[in-house]
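Here are a few friendly notes to read alongside the structure. Have it open and follow the points in turn.

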There are 2 protein chains.
Amino acid sequence: MSTPMTPPKPHLWLVGAGPGDPDLLTLKGAKVLAQAQLVLYDSLVHRDILDLAHPNATLICVGKRAGQTSTPQVLIHDWIGRGAQQGLRIVRLKGGDPMVFGRAGEELQFAEQLSLGWTYVPGISCGTSLAGLAGIPLTLRGVASSAWLGTATGQDGRLTADLLAALNTSSTLVVFMGRRRIRDIAQHLVQLGKSDTPIAVVSEGSLAQQQCVIHSAKVWLTSEVESLPDPALLVIGEVVHHQLTPTTTNLRSITPSFTHEYEVPHLPETRKSHVQRLRRV
Amino acid sequence: MSTPMTPPKPHLWLVGAGPGDPDLLTLKGAKVLAQAQLVLYDSLVHRDILDLAHPNATLICVGKRAGQTSTPQVLIHDWIGRGAQQGLRIVRLKGGDPMVFGRAGEELQFAEQLSLGWTYVPGISCGTSLAGLAGIPLTLRGVASSAWLGTATGQDGRLTADLLAALNTSSTLVVFMGRRRIRDIAQHLVQLGKSDTPIAVVSEGSLAQQQCVIHSAKVWLTSEVESLPDPALLVIGEVVHHQLTPTTTNLRSITPSFTHEYEVPHLPETRKSHVQRLRRV
């Protein structure tokens, strides 16, 4: 005769899936998914990440699909509530980082109303990674010492006051969901006497089909932006002039075992004080 | 008789190690490390991450140690040059994200001078993750719709113009290396009539010993900050008032296999149009 089981304890993990490339999920994200029972995921999450979920987990898409309205927040709350009631390990999986424009705060407030324990597992934010993946350092000594991350448009449909203030500084601006407002932003830069400021549009960042189109503000006033695919993000500021050229490197093409010998580099004696060598040298 | 080998092709991977917790490394970061031959790492990188490097890799610490000056940038460049000359797979491993205050741009410019191919593997930035790990959403509808990430002090030792501009907005401010300037920042907020604005100091974020201390600007004017451990980061803005309480959850305490049955939640018929169920339901 089996002893009565302790009732399962429900828990909510809020997990960031990163900007797109499934390998940009964290180790912690992968571990949590492998133990999930209910996964509520957004549409932009890569299918290969969903494959990391436990085979018995229930996977439900609660994101916006092309041509459809987005899932009402109340319905996501409803799913969280049902999962909690049944004592499940729930994973809420969002693209990028859930705390950066992910409405995580609202879902966590709801979890706390239910007395549901929760854990945040950060993801790579598009805001800090997509510029770099297009070869543009987000900050660079002597060029930009800060970055501003925001959306283009407020609830009133106008460019936000925070964005207008940031355009007046030397920060690098990363604008989420700003592609359709690029001419308004460019117009504002021209009015500020910054018509040469470069603006990069990074589309489908981190994926094989990533595109990056760069023009100055004055050129964007009359340039075509409609055909660039979503998701897209704008990077604005002098750092864009310092774009470098990353190499496309498919990890699978690297020999997995070391078949050639190599010499361990030696430091000149005078420099050794700066260097600490660890275990395996 | 063996045929002559193709000379090995050197490559530089610039990898973000994340904010501290080794499980916050990305899957891609782990894969790259497993194939590295030379790893140049900063001091703040967790030892468990170094354990993921290939056992034959040479590991060299090029970071700042307590009580020492930081490794001169030219020495790091020297190591990169030596590795390139020997055709090595070089990993430059930095805390957080290398493109966010990591001087990545300078190292990449150097790599391009050498015609050395490079790949950026983003890491979880402290700037987007540490607020959330302390229960503070970085953005929250109706409270803050943007975030500003920057350092407190410029090369002239004064608070930066970008920081002063950002304090005038409703952005959430995340200030790197700002602990010792907290009173100057608080003083500035008081002068702006924002003496009730909360400032959180998050120390050793993402690690088991993480601490978060919160006061309003006017209270920080006379509060002790010197004893809070580094690395520390400031989070400033109304979102700090909306702090929630994350649960400490040790992943290892979760049963790795599912030993209890659970019911798959069912949706009411009328809501099914919002939901797409995938494969494993």
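1. Strand S2 (residues 38-41) of chain B runs parallel to S3(B), the two being joined over 4 bridges; strands count as paired if DSSP finds at least two bridges between them. B:Tyr41 has B:Cys61 as its bridge partner. Helices (H or I, at least four residues) and strands (E, at least two) are DSSP runs, numbered from the N terminus.

2. A word on the source: this is a predicted model, where local features need pLDDT of at least 70, side-chain atom pairs count only at pLDDT 80 or more, and totals for chains, interfaces and linings use all residues. Residues are numbered from 1 along each chain as its sequence is written, chains are lettered from A and ligands numbered from 1 in the order in which they are written, and side-chain values use heavy atoms, with hydrogens and water left out.

3. Strand S3 (residues 58-61) of chain B is covered on both faces: B:Thr58 and B:Ile60 are buried on one side, B:Leu59 and B:Cys61 on the other. Buried means under 20% relative accessible area (1.4 Å probe, protein chains only). In a regular strand, side chains alternate between the two faces of the sheet.

4. Which residues of helix H7 (residues 182-191) of chain B are buried? They are B:Ile182, B:Ile185, B:Ala186, B:His188 and B:Leu189. Down the axis of H7(B), these fall within an arc of 160 degrees, so they line one face of the helix; the arc is that of the directions from the helix axis to the C-beta atoms.

5. After H7(B) comes B:Gly193, with a positive phi near 80 degrees.

Key
Buried means under 20% relative accessible area, exposed over 50%, partly exposed in between (1.4 Å probe, protein chains only).
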